[in-house]
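User: I would like to go through this model and ask what stands behind each description of it.

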Amino acid sequence: MAGKSLTPFYIGLGVLAVAGGAYIVAGTARRGPPLTAETTAPLASGPRGITLGSDSAPVEIMEFSDFECPWCGQFANLQMPDVRQRLLPTGKVRWRFVNFPLVIHQKSPYAHLAAACANEQGRFWEMHDLIYQHQEEWVSSRNPLRMLGDLAAQAGVDKARYESCVSERRSWGRVLADKALGDSLGINGTPTFYINGRLWGGNQSPTVDQLIRIVDSLAAGAPAPARTRASAPAPH
Amino acid sequence: MRHRQIVAALALTGLLLSIYLTLYHYGLTGQLACGGAASCEKVQASRYAVLLGLPVAGYGVGGYLVLLVVALAGLQDRWAASAGPTRLLVLLSAGGVAFTIYLTWLELFRIHAICRWCVGSAAIIVLAFVASLAGMRRS
């Protein structure tokens with residue numbers, strides 16, 4: 001008896017399930033192009049990440065970053081110029097950008113590949129800045145590769161060499177090697193910072209003022225600051 | 001009985017929403033529909049999107065599935081007259097509300113971004129709790 005009176009309810013529930021399921025299936029059909037953070041390739045050997053600053057600096061700041069991550073974009077656009085102006089010229093610190101494309105981002109792998117290809121020509125940081133400055137545009141673009149190619153041209157790369165690198169995915173192994181380092185450290189969010197091997201434990205990305213204080217104390221041989229937690233990543 | 005139908009419908013909606021976010025977490029669905037805002041991305045890409053090795057949305061899948069099963073079981077002749085399923089629904093949805101409060105606190109005070117899908121889930125679990133509570137008072 002109860003089953004009969006509940007029939008319209010079950011029909012409604014079925015309609016809801018089908019409509020919701022169809023929306024989810026349509027979403028999976030909208031997946032991005034085949035390069036993903038899990039696309040395999042032989043891992044590149046050599047040091048992980050791309051550095052900026054003095055090789056002999058006593059402090060190294062390692063940033064695990066995803067080009068599609070809004071937080072990373074915010075840090076790159078707002079803090080990084082200050083890092084370059086106020087922190088790096090002191091010679092006390094070396095910045096190491098480590099590729100960490102999150103699996104949730106469909107277009108991010110293309111940006112990491114594009115930046116790694118620009119790095120082949122010594123134009124990584126120019127490309128890094130342009131990718132973050134134009135993050136919303138290429139992320140919302142139906143053809144991010146074309147837009148990233150335009151950015152690479154602005155960064156000053158040789159276009160033919162860049163295009164061959166991207167089409168052959170020549171530098172993808174380098175991106176994966178970076179990601180493998182992050183995975184081995186259990187990183188699951190970006191940006192994540194390590195300062196001389198210690199995890200930055202703040203809830204937000206560090207500000208330049210905070211970094212300056214930490215770098216000064218580390219360079220002076222003081223104990224580790226309170227907001228960093230012990231851990232020891234190896235960049236190679 | 002009516003409240004169990006309402007809870008079942010809400011639980012199914014929450015289940016679909018959680019499946020969508022879980023698939024997104026694993027990169028199995030396209031870009032997250034967020035009305036052009038980056039706040040959903042911020043929440044999903046934050047370190048708080050994973051709890052004990054599992055995506056937070058995955059806990060939603062489990063929670064809503066249990067809620068749906070209990071609500072549907074409570075509609076069957078065998079359980080229709082029993083107050084047990086309603087009590088269980090109150091208990092389960094109260095747990096969901098508590099977890100939602102924690103997640104909303106994270107969004108407001110740690111991540112500083114509000115994801116509209118999370119707001120949707122919060123509304124669903126609160127409504128499920130209210131409906132269950134109303135059902136318990138009537139029975």
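User: What makes you say that helix α1(B) is mostly covered?

Analyst: This is a predicted model. In it, 19 of the 24 residues of α1(B) are buried. A residue is called buried if 20 or more other C-beta atoms lie within 10 Å of its own, so the word "covered" rests on a count of neighbours.

User: Why is Ser46(B) called buried?

Analyst: Ser46(B) has 24 other C-beta atoms within 10 Å, and the cut-off is 20 or more, so the residue counts as buried. Ser46(B) lies in the loop between α2 and β1 of chain B.

User: What is Ser46(B) in contact with, beyond its neighbours within four places in sequence?

Analyst: Its contacts are Gly189(A) and Ile111(B). Ile111(B) is 65 residues from Ser46(B) along the chain, yet their C-alpha atoms are separated by 7.1 Å.

User: Which residues of α7(A) are buried, and where do they lie around the axis?

Analyst: Pro144(A), Met147(A), Leu148(A), Leu151(A), Ala152(A) and Ala155(A) are buried. They cover an arc of only 150 degrees around the axis, so they are on the same side of α7(A). These buried residues pack against α4, α5, α6 and α8 of chain A. Just after the helix, Gly156(A) takes a positive phi of about 95 degrees.

User: Which way do the residues of strand β4(A) point, and are they buried or exposed?

Analyst: Thr192(A) and Tyr194(A) point one way, Phe193(A) and Ile195(A) the other way, and all are buried. In a regular strand the side chains alternate between the two faces of the sheet.

User: What makes β2(A) and β4(A) a pair?

Analyst: β2(A) and β4(A) are joined in the antiparallel sense over four bridges. Pairing requires at least two bridges, so the four found here meet the criterion. Within this pair, Glu63(A) has Phe193(A) of β4(A) as its bridge partner.

User: How many bridges join β4(A) to β5(A), and what do these strands form?

Analyst: Two bridges join them, and the strands run antiparallel. The requirement is at least two, so this pair qualifies as well. Ile195(A) stands opposite Arg198(A) in β5(A). The strands form a hairpin with two residues between them, and Asn196(A) in the turn has a positive phi of about 50 degrees.

User: Where in chain B is confidence lowest, and where is it highest?

Analyst: The lowest mean, 72, belongs to helix α2(B), and the highest, 95, to helix α3(B). Chain B averages a pLDDT of 87, and 91% of the residues score at least 70. For the complex, the predictor gives an ipTM of 0.83 and a pTM of 0.60.

Definitions and conventions: Residues are numbered from 1 along each chain as its sequence is written. Chains are lettered from A and ligands numbered from 1 in the order in which they are written. This is a predicted model: local features need pLDDT of at least 70, side-chain atom pairs count only at pLDDT 80 or more; totals for chains, interfaces and linings use all residues. A residue is buried if 20 or more other C-beta atoms lie within 10 Å of its own, exposed if 12 or fewer, and partly exposed in between; C-beta atoms are placed from the backbone. The arc is that of the directions from the helix axis to the C-beta atoms. Two residues are in contact if their C-beta atoms, placed from the backbone, lie within 7 Å. pLDDT is the predictor's confidence in each residue, from 0 to 100.
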